[in-house]
Each structure stands twice: as C-alpha cells, then as structure tokens.
Amino acid sequence: MKTLLSSTTLVPAALLATALSSPAMAKDADLESLIKAAQKEGQVYSVGMPDSWANWKDTWVDLKSNYGLQHQDTDMSSAQEIAKFEAEKKNATADIGDVGFAFARVAVKKGVTQPYKPSTWNDIPDWAKDKDGHWALAYTGTISFISNNNLVKNAPKSWDDLLKGDYKVTVGDVGVAAQANNAVLAAAFANGGNESNLKPALKFFAELAKQGRLSFTDPNIANLEKGEVEVAIMWDFNALNYRDKIDRDRFTVNIPQDGSVISGYTTIINKYAQNPNAAKLAREYIFSDQGQINLAQGYARPIRTSITLPKSVQDKLIANDQYSNVHPVTDFAAWEKSARKLPRQWQESVLIHQQ
C-alpha cells in the first residue's frame, strides 16, 4: 500500500516545483491561491468518476488527506454527464466529470465547460488537449489483443499474426459497443484505412469470418476465466485488469505492432460548478506525478509519459515500446459518420461470410 502525504504543506510544494518548470502555465502564487480557495470550498462533487474506475479512489483519498476536500460521485455515462451540466446550469450539483475523448468537443460546443490548464500542461501531447484548456486526456486506452496461453501457442503481436492463426478471435458487439467499434477502426489503421475508410478492416474481418474463426462470445472477465475466449480484441486497460484478476501467467496482452488506435478520457469542469476551485485543484492533482501514478495503478495508461512509474506499477502495464505505432482519432466528424454506418456494413460485409 502506498503512503499518502499527510501534511497539507508537502503537496503544494511539489505542485509549485512543477509549475516553476512550466513558465507558460500556473505560477506558484496562482497555485497557492487555488489551494486556499479550494480548501475554503471544502468539497468536490464528480460524475462518472467512481472509486472502481481507473482507480479514482486513490485520488479522492489523496485530495481529502492532503487538502481536506470531501468528495461524492454519481456514476453515469459521458452523454449523461454533459446532459446534466446542460440541464442544471446555475443549479449545478456536479463540479467535474470524466468523459470519453469523442465527447470532449461535444461538451465544449454545448458551452458547459470552463478551462483550466494544470501546471503540467506542456507534458500533454497536442492531440490530447484543447488549446484553450477546456479538456485534456488524463489517461489513454489502446486496442490490444489478449490471448489465453493455454489455448494459443503463439500470442499474436500483429493483425497479420491474427489472420494467420488457427484460433478463434472475439471482437464483441460491433455496431453497438465502443470497444468493438474501435477494434474495427484499429484494424483499419493497420491495413491502410482511416476514420473515413473502414473497408480494409471490413475485408480483414470478412476473411476471419470466411475461415470460421470469428467468435461472438462476449469478451468479459467471466468468459475469459472459463476458457471460452482464445483471443479477444479489447482496450489494454480492460485486458490487463482481467488478466491480473484471473491469472497473470495464463494470459498475454500485446498491442498490435502493425497499427492500433489510441483514445482516452478527459475531465471536464462544469461551467456552472458550485466548487470551481476544488474542481480545478482536482484536475491539477490528476495531472501531477502521483495523480498519474494513481491512474496507472488502475491500469489506465497515464498521458504524461515523462513520469517514472514505480516498478510495481510499471510491471502491471505493457512496455512503452509497444506503443510506437498507435494512432489517435483526428477526424471526429468522419469517425462519427463511419460509426453510424458500421452496423449495416458489418452485417453485409462480415456476418454474411460467417460459417
């Protein structure tokens, strides 16, 4: 169990040191003022940030221990969070939420967010943040392969390996589940396609279907544990979590080396927040070294690659060098259009070949 900082003077000092190394961001006096204002508010109310997701629990414990902030969360989907901010307006009951990458721009467009750039802003890649500070991914997910070592002799390391294998491949509910849809997009990136061209991916999965190797077993933890899944395509944080909960030695998790898709989640601070300073301090802490380590403890890959994770935490994750050929979604309009067409295309191009 990690040791929490108990003195309120220790964490501000750490944050101030970070701020001084990022002159374009918050200055030491700004952070000191923010901490005092947040402590005066005394609480922060979140949505979609429950203890069990991405190990948010440790961050809420830290914020209470270090700053005296009380916390309460109501779990809900990204769309529900944005709808709540929009409906309640000045009667806001939530200060901060955590939404999927695709929803970040929706929230800004609806005018329900306020900006805050944490002092570690310069460590966040440009593709993963809003230039004005309305959102920034704190952690990422990348489509990966999880293989049952008892059933699969050579764990696939690429889509090409997958196509040449003799095992069944589980992809989930394409057209419905975001994870399954992103599996298709990852296959498109790896085979010369993109957000507006999923044809290479549909051709790839059609070939698997023709071989009778496409499985529609739900790739959940129960089915993995029962041995009903040979290879599944899923987010790396889900695959790693399932692996360790069942039996670390029984499964191998790899990022496909010929291409994958990387996405993630971002905090959004409610424009109408009743505790805006506490929400900003929460974001500041989430992007601090310890905040990023907390997320990694929950298998969520930190966006800041410059920090050194404790060996016990790094060992839970996939090696950094496996992420050299991953692609973020840059054309959201094209991807949304493709995703809407995907259910019918999947039926007509892939399922028709299923043996």
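Start by looking for charge pairs: the structure holds 12 salt bridges, a salt bridge being a side-chain nitrogen of Lys or Arg within 4 Å of a carboxyl oxygen of Asp or Glu. Before you select anything, note that this is a predicted model, in which local features need pLDDT of at least 70 and side-chain atom pairs count only at pLDDT 80 or more, while totals for chains, interfaces and linings use all residues. Residues are numbered from 1 along each chain as its sequence is written, and side-chain values use heavy atoms, with hydrogens and water left out.

**The whole chain**

Show the protein chain as a cartoon and you can follow 14 helices and 12 strands; helices (H or I, at least four residues) and strands (E, at least two) are DSSP runs, numbered from the N terminus. Along its principal axes, the C-alpha trace spans about 65 × 40 × 35 Å.

Now colour by burial: 54% of the 355 residues are buried. Buried means under 20% relative accessible area, exposed over 50%, and partly exposed in between (1.4 Å probe, protein chains only).

Select Lys84 and Glu88. Their salt bridge has its closest N and O atoms 2.9 Å apart. Both sit in helix 4 (residues 78–88), and because they are 4 residues apart, about one helical turn separates them. As a reminder, an α-helix has 3.6 residues a turn, so residues three or four places apart point the same way. Lys84 is partly exposed, at 21% relative accessible area.

Lys110 is partly exposed at 41% relative accessibility, and so is Glu86 at 31%.

Move on to Asp244 and Arg248, whose side chains meet in a salt bridge at 3.4 Å, N to O. Asp244 is partly exposed at 24%, and Arg248 is partly exposed at 37%. Then select Asp123, Asp289 and Arg304 together: a network of salt bridges links them.

**Helix 12**

Stay with helix 12 (residues 289–297), where the buried residues are Gly291, Gln292, Ile293, Asn294, Leu295 and Ala296. What lies over them? Their cover includes helix 3 (56–67), strand 5 (137–148), helix 11 (276–286), strand 11 (301–302) and helix 13 (311–314), judged by contact, meaning heavy atoms within 4.5 Å. Just after helix 12, pick Tyr299, which takes a positive phi of about 70°.

Most residues other than glycine have a negative phi. With that in mind, select Ala54, which has a positive phi near 55°, and Asn55, also positive at about 55°. Where do you find Ala54? Ala54 lies in the loop between strand 1 (43–47) and helix 3, and Asn55 lies in the loop between strand 1 and helix 3 too. Ala54 counts as buried at 10% relative accessibility, and Asn55 counts as buried at 15%.
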